[in-house]
Amino acid sequence: MKQKIAELFAENPSQTPAEAAMKLNVAEGTVIRNMPEEMVTLLENTPLEDVYTRLRDFGDIMLVLDVQGSIFEMVTPFPKGGYKFGYYNMSDKRTPLKGHLKMEGIGTIALVTKPFHGVPTKSIQFFSNEGHPVFKVYLRRNKDKTFLAEQLEQFEALEALAKDKAGEAA
């Protein structure tokens with residue numbers, strides 16, 4: 001699988017993991033878990049609560065929901081919230097984003113760095129235990145298409161955390 005996915009992205013680095021998943025008839029999470037190492041860092045040993053807490057420090061994020069090919073986007077701070085009954089309950093007055101994230105429903109969190117239509121992208125992607133996308137957070141850009149410095153710094157801190165956790169687990 002890793003080889004097939006590497007070949008697909010070598011042919012067309014701008015394709016989305018969802019497009020690759022359709023070509024291979026697998027879940028998008030399977031593609032993410034098998035993408036070339038330079039494109040993906042998995043947050044396998046990082047508690048979900050730590051990631052949610054860190055997202056609150058990103059400022060206005062681009063939240064993306066992909067529902068069977070329909071893409072919904074919202075620019076908003078990631079909401080503060082609390083944990084109760086297995087859910088992260090979002091209840092932050094500074095953002096219209098509300099809801100309940102099922103903690104045990106998240107199986108994979110991936111930091112993804114890849115081109116899209118010739119422009120580099122960086123995102124934090126959350127997948128269900130079955131490998132289906134739950135939501136994605138994309139780093140935002142300045143007018144010159146560079147990433148917002150504070151978000152890039154936060155993203156890189158998550159990458160370093162993932163590598164530290166991977167080293168602890170080894």
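The side chain of K114 reaches the backbone oxygen of P13 at 2.8 Å, a polar contact in the sense of a pair of N or O atoms within 3.5 Å, where within protein one must be able to donate a hydrogen and the other to accept it, and where residues adjacent in sequence count only if both atoms are side-chain atoms. This is a predicted model, in which local features need pLDDT of at least 70 and side-chain atom pairs count only at pLDDT 80 or more, while totals for chains, interfaces and linings use all residues. Residues are numbered from 1 along each chain as its sequence is written, and side-chain values use heavy atoms, with hydrogens and water left out.

K114 lies in strand β7, residues 106-116, strands being DSSP runs of E with at least two residues and helices runs of H or I with at least four, numbered from the N terminus. K114 is buried, that is, under 20% relative accessible area, as against exposed at over 50% and partly exposed in between, with a 1.4 Å probe and protein chains only. Lys and Arg count as positive and Asp and Glu as negative, whereas His and the chain ends are not counted.

Two loop residues may be considered next. F85, in the loop between β4 (81-84) and β5 (87-90), has a positive phi of about 55 degrees although it is not a glycine, and F85 is exposed, with a relative accessible area of 74%.

Key:
Salt bridge = Lys/Arg side-chain N within 4 Å of Asp/Glu carboxyl O.
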